[in-house]
Amino acid sequence: MEEEGGQALEEKAALGFQRGFLAGKRLAELPWESLEEVLKYSEDSSPFLAILQKTVHHPLCLKYPPSVQYRRRFLSELIKKHESTSTEPLDQLYEALGVVLNCEETTHCYKNYLLPSGDAITLRENVAIVSQGTTGLVTWDAGLYLAEWALENSEVFRNRRILELGSGIGLTGIAVCKTCHPRWYVFSDHHKAVLQQLSENIHLNSLTLEPESCSHRTEGSPNHQGRLDVNLEGDHVRISVKELDWNLVSKDKLAKLQADVILAADVVYDPEVSQHLIGVLQKFPRDGGNRQKPEVYIAFNIRNPDTYHDFQMQLDKVEIGWETVATSWKNLFPYDQHANIVILRLHI
């Protein structure tokens, strides 16, 4: 019975490492304590072999690997843990590290987020947090949290028209399109490099580009290299990618999108950006007309309480109501447990 309990712990620990490693979770936040618990029951190297198989040797890692530096540091830490045990040296660990040490560093890497269905979202993103003059080429915690919240509240999106502001490289929207069955999803951003990477990530997740004849151009936002204002279709979801400048887009153009739900993540980190966000939200029809007003959900990391309170005061000033709909971690994706994320529903 004790042996069965040890095997269950080993499998659980290996799966925890798998999910965290594939998504590029910070090494300190991987389940090392679970491994220590497993080693109490194990007399051989099987826990390390299981972790190696579900991480560095996983098919997703082999095809869409995390950064070279991340894999090197992970394997070095795993070897250090193994060497602290009384078991014989494990050749497979050193061989895996040798392979990684011979890999060239690249400016990009991949992160793979495992969904409850067993499917995965794969994103190509930059290694550097800031590149090409933007922070939009990496995934941020609020986008992760909003994706998780969406998966747990799929009824908000089912058979509805969704507009995402500041989509970045696409995690939230791809998660919604894969699992929440919206009728139509519009990704939008303004930085050209971000839009290009976003389009590539949509392709990477089996959402196929449709001919541009179905596209709709946003005022003040020219088509980028003939590839961005396009419609896609995957799993019966109509999907488009638009270059959208919050300051230039007109009320009429936004009204034509007929959005039932508006999403945005990690766009409340600076008072000036918050003002631009509020400005574009004010351009949406507020009387409803023959349609219901869109539901608006904003997710952000409260890095600075003053910035958060300033955003709330700006909302109150222009009479946009707000309420908190989520603040807690659920652990579907491997988040930073110390992050302070909030999702607000705005009433425009």
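**Entry 1: the hairpin.** I began with S1 and S2, which form a hairpin with 5 residues between them. In the turn I found Gly 118, with a positive phi of about 100°. I kept in mind that this is a predicted model. Next I looked at the pairing: S1 and S2 run in the antiparallel sense over 7 bridges. Across from Asn 126 in S2 stands His 108.

**Entry 2: strand S1.** I checked burial along residues 108–114 and found 6 of the 7 residues of S1 buried, so the strand is largely enclosed by the rest of the structure.

**Entry 3: Ser 131.** Is Ser 131 buried or exposed? I noted a relative accessible area of 12%; buried means under 20%, so Ser 131 is buried. Its side chain makes a polar contact with the side chain of Asn 126, at 2.7 Å. Setting aside neighbours within four places in sequence, I listed Asn 126 and Leu 137 as the contacts of Ser 131.

**Entry 4: the cores.** Last, I looked up the largest nonpolar core, which has 43 residues. Among those with the most contacts inside it are Ile 121, Trp 149 and Ile 343. H7 gives this core its largest share, 8 residues.

How values were computed. Residues are numbered from 1 along each chain as its sequence is written. This is a predicted model: local features need pLDDT of at least 70, side-chain atom pairs count only at pLDDT 80 or more; totals for chains, interfaces and linings use all residues. Side-chain values use heavy atoms; hydrogens and water are left out. Buried means under 20% relative accessible area, exposed over 50%, partly exposed in between (1.4 Å probe, protein chains only). A polar contact is a pair of N or O atoms within 3.5 Å; within protein, one must be able to donate a hydrogen and the other to accept it, and residues adjacent in sequence count only if both atoms are side-chain atoms. Contact means heavy atoms within 4.5 Å. Helices (H or I, at least four residues) and strands (E, at least two) are DSSP runs, numbered from the N terminus. Two strands pair if DSSP finds at least two bridges between them. A nonpolar core is a set of buried Ala, Val, Leu, Ile, Met, Phe, Trp, Tyr and Cys residues joined through side-chain atoms within 4.5 Å.
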